[in-house]
Number of protein chains: 4
Amino acid sequence: MMIRELRETVCRLHAELVRYGLVAWTAGNVSGRVPGEDLFVIKPSGVSYDDLTPESIVVCDLDGVVVEGTLSPSSDTAAHAYVYRYMPEVNGVVHTHSTYASAWAARGEAIPCVLTAMADEFGGEIPVGPFALIGGDDIGKGVVETLSGHRSPAVLMRNHGVFTVGDSPTSAVKAAVMCEDVARTVHVARQLGDPLPIAPEDIDRLHHRYQHVYGQRSHL
Amino acid sequence: MMIRELRETVCRLHAELVRYGLVAWTAGNVSGRVPGEDLFVIKPSGVSYDDLTPESIVVCDLDGVVVEGTLSPSSDTAAHAYVYRYMPEVNGVVHTHSTYASAWAARGEAIPCVLTAMADEFGGEIPVGPFALIGGDDIGKGVVETLSGHRSPAVLMRNHGVFTVGDSPTSAVKAAVMCEDVARTVHVARQLGDPLPIAPEDIDRLHHRYQHVYGQRSHL
Amino acid sequence: MMIRELRETVCRLHAELVRYGLVAWTAGNVSGRVPGEDLFVIKPSGVSYDDLTPESIVVCDLDGVVVEGTLSPSSDTAAHAYVYRYMPEVNGVVHTHSTYASAWAARGEAIPCVLTAMADEFGGEIPVGPFALIGGDDIGKGVVETLSGHRSPAVLMRNHGVFTVGDSPTSAVKAAVMCEDVARTVHVARQLGDPLPIAPEDIDRLHHRYQHVYGQRSHL
Amino acid sequence: MMIRELRETVCRLHAELVRYGLVAWTAGNVSGRVPGEDLFVIKPSGVSYDDLTPESIVVCDLDGVVVEGTLSPSSDTAAHAYVYRYMPEVNGVVHTHSTYASAWAARGEAIPCVLTAMADEFGGEIPVGPFALIGGDDIGKGVVETLSGHRSPAVLMRNHGVFTVGDSPTSAVKAAVMCEDVARTVHVARQLGDPLPIAPEDIDRLHHRYQHVYGQRSHL
């Protein structure tokens, strides 16, 4: 059944956050929209990644109210719900405090697009969203408004961390992994001087090609 | 039986120090207060994390004198004992030389609260305690006096490393993990400029919410 | 049979890219020339390193056209093919976006030879190749032209990443591992001052000795 | 039998170099003196750490001539042999190119003693030895002459890497692990300012205590 598979996928994807060192203790979460329903599934709050099971993944409606599951959902649930409500093309959302991305976020500085891999995945700079307190719609609103003007699937929330979106939970996790990877490389490049710019038209070409040619067309 | 379970917990928690890269060789230790008794359990001195067993964990009284166990206790036992004597609400203590936290400690500089995750866990800056020699009560005294004026469960001991406390050994380990995580992120942020401040009243709100709403209320 | 063994080797070598942290998600690939034939084998595009099997490795001719395999080859196949066409002594090619090497590449700055290990493996600085768009021969041409004037088996492609070559796929992977290792060490050295130079004649002596004396002569 | 146990120990200790990230590919080696004989055992040259077995460890006399083993010994054998000839109290030697220590070595800069853990293990700064070419006694001589005036069991060889010594192979590996750990922490501390000094008399007290009180007295 659909929700069961999605819970398995979302449960398993948290292990990628751990593998790529994007999360410490329990600070990071993945969610996925239930296809064709006004529901999404998300990590329970404060549960160790070792202890996550498909059954522990919580099912919520698009207001963030739990409809299935015995545990409390992630404290970031309201932000995920807001994204699903206002970005119908998004089927996966990830939130982390990954080190290098959060460092750019702490300075409120967008990551400039100086790597071809950044052009590929983000189509330009990775933008900064507003400072927002947890507990209402402010974070979700900041994520949606910032992403609306950009090709980037990642946004750096000021003094906080990263939100990424995708057409699937896997795509959103990939964006979170690549976001930290380029945040780190551009940081390191900047430590000893100024990275060379990439011409905007080359960024466009790279982004277009990557979104349409990369990977396996049908069977993966 | 109580002490046996606590030894198992404390033994197992050392693996988290290793997993998060907070310790090199044998330099770091976890202790836990025995509920309802004037005793605590602590790592034996100089024993490799691979070789730790629940049986090897040493039981001490609150003066740091061994009451059970065939090995010598951690050379930091006096500091742990002091904390248990003077902070009755503390049930777990952790000490590490984790890289980024120790780097702030080497400069004698508090870590400013510029991340929401820092507001959540530490409620403000992570303060610096005095330089103190091992072998008496000086380290423990420095830990207790510094933590008394702060919401932070972590203190950076000058030119030395970190001590964290918690209402359980697990909470103290979590604080040690989060301390290194934010020490690293703020360091990285500072390398390329000045992190943006968070308003004190927002720090208060975030801290209050995190301490009262985050995680699972009863069953975890 | 030759191709089967080569596929196994190339499949297995991708695990070294993962082990040494040279790749995030699927961004990095290894290829190997089929001895005595105008063919090479290469990673399929967009496939996770966990899912790679010898069977999934794609066989191409030297124009990059697939001759065996059901998956699309790496999007970097044209660059690998170009290298095999124009550098007949090369039997292995590796491409990564490893962090520190890519940071030098983002600044368009060669890595100066200030470590004996660099003299050993690279015989001098690691040079920078041009900015080139994916999709034609430009990247391959930039790799070949840059390497032609150098003893280095590694080239930093501007704003992009690293290509390394070797007389076997294993040698090319070793060069990729060592390239990131020295890129990191020289970066760290430069953060706090100027590394001391090594005299050119000492670089020559070290390189000559390493290429002729190091390792096991026949049986490895 | 003695040599067999020593080969097992030295073989196993190479895994610690890997675990602590001190080595890339095959660049690092451990040796151990055979008690009561003019012999030592050392890693074979260019062999992967995964493939090391006790049998592959080579036995040499104190001139570095192989007396048992079918593989060529480490290309650093002459340096190890020199140390065993001129430092009779040394029973273990380790050589690595670990990142942070090698970065200090590339600048030819000693690591200042600004951490209590450094005072404990090294008793002061970690000194820099001369630039020396491989292939004769120059490296060994540089190691011995530099260590003679210091309490430190580690020396940073200019533009090269680290040598550590100990009264056992395990002690030398511990010194190599701690050397990289403090090299990293002091580097990080220095990136954002000047670490506070520790008074020389406090360094003396810390070193004396650590060498005489730390760990288990007899049974470990």
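This dialogue goes through how to read several features of a predicted model.

Visitor: What should I know before reading the model?
Guide: Residues are numbered from 1 along each chain as its sequence is written, while chains are lettered from A and ligands numbered from 1 in the order in which they are written. The model is predicted, so local features need pLDDT of at least 70, side-chain atom pairs count only at pLDDT 80 or more, and totals for chains, interfaces and linings use all residues; side-chain values use heavy atoms, with hydrogens and water left out.

Visitor: Which feature does UniProt place at residues 8-187 of chain A?
Guide: The unreviewed UniProt entry gives "domain: Class II aldolase/adducin N-terminal" for that span. Such annotations may be inferred rather than shown by experiment, feature names are shortened, and positions follow the numbering used here. In the model, residues 8-187 of chain A are 38% helix and 19% strand, and their end C-alpha atoms lie 35 Å apart. Helices (H or I, at least four residues) and strands (E, at least two) are DSSP runs, numbered from the N terminus.

Visitor: How many residues of chain A are in contact with chain B?
Guide: Contact means heavy atoms within 4.5 Å. By that rule, 31 residues of chain A are in contact with 34 residues of chain B.

Visitor: How is the size of an interface given?
Guide: Often as the accessible area lost when the parts come together. Here buried area is the accessible area (1.4 Å probe) that two parts lose on being put together, summed over both. Chains A and B bury about 2,900 Å² between them, with 61% of it on carbon and sulfur atoms. On the chain A side, Trp25(A), Arg107(A) and Asn159(A) lose the most area to chain B, together 26% of what that side buries.

Visitor: What is found between chain B and chain D?
Guide: Here 31 residues of chain B are in contact with 34 residues of chain D. The buried area is about 2,900 Å², of which carbon and sulfur atoms give 61%. The rule finds 1 salt bridge across this interface, and Arg19(D) forms a salt bridge with Asp50(B), at 2.5 Å between the closest N and O atoms.

Visitor: How many salt bridges does the structure hold over all chains?
Guide: The total is 48. One within chain A joins the side chains of Arg19(A) and Glu16(A) (3.1 Å, N to O). These two are separated by about one helical turn because they are 3 residues apart in helix 1 of chain A.

Visitor: How is a pair of aromatic rings described?
Guide: By the distance of the centres and the angle of the planes. Rings of Phe, Tyr and Trp (its six-membered ring) pair if their centres lie within 6.5 Å; planes under 30 degrees apart count as stacked, over 60 as edge-to-face and the rest as tilted. The count is 12 aromatic pairs over all chains. Tyr20(A) and Trp25(C) have ring centres 6.3 Å apart and planes at 35°, so the pair is tilted. This pair crosses between chains, and each residue lies in the loop between helix 1 (2-19) and strand 1 (28-33) of its own chain.

Key:
A salt bridge is a side-chain nitrogen of Lys or Arg within 4 Å of a carboxyl oxygen of Asp or Glu.
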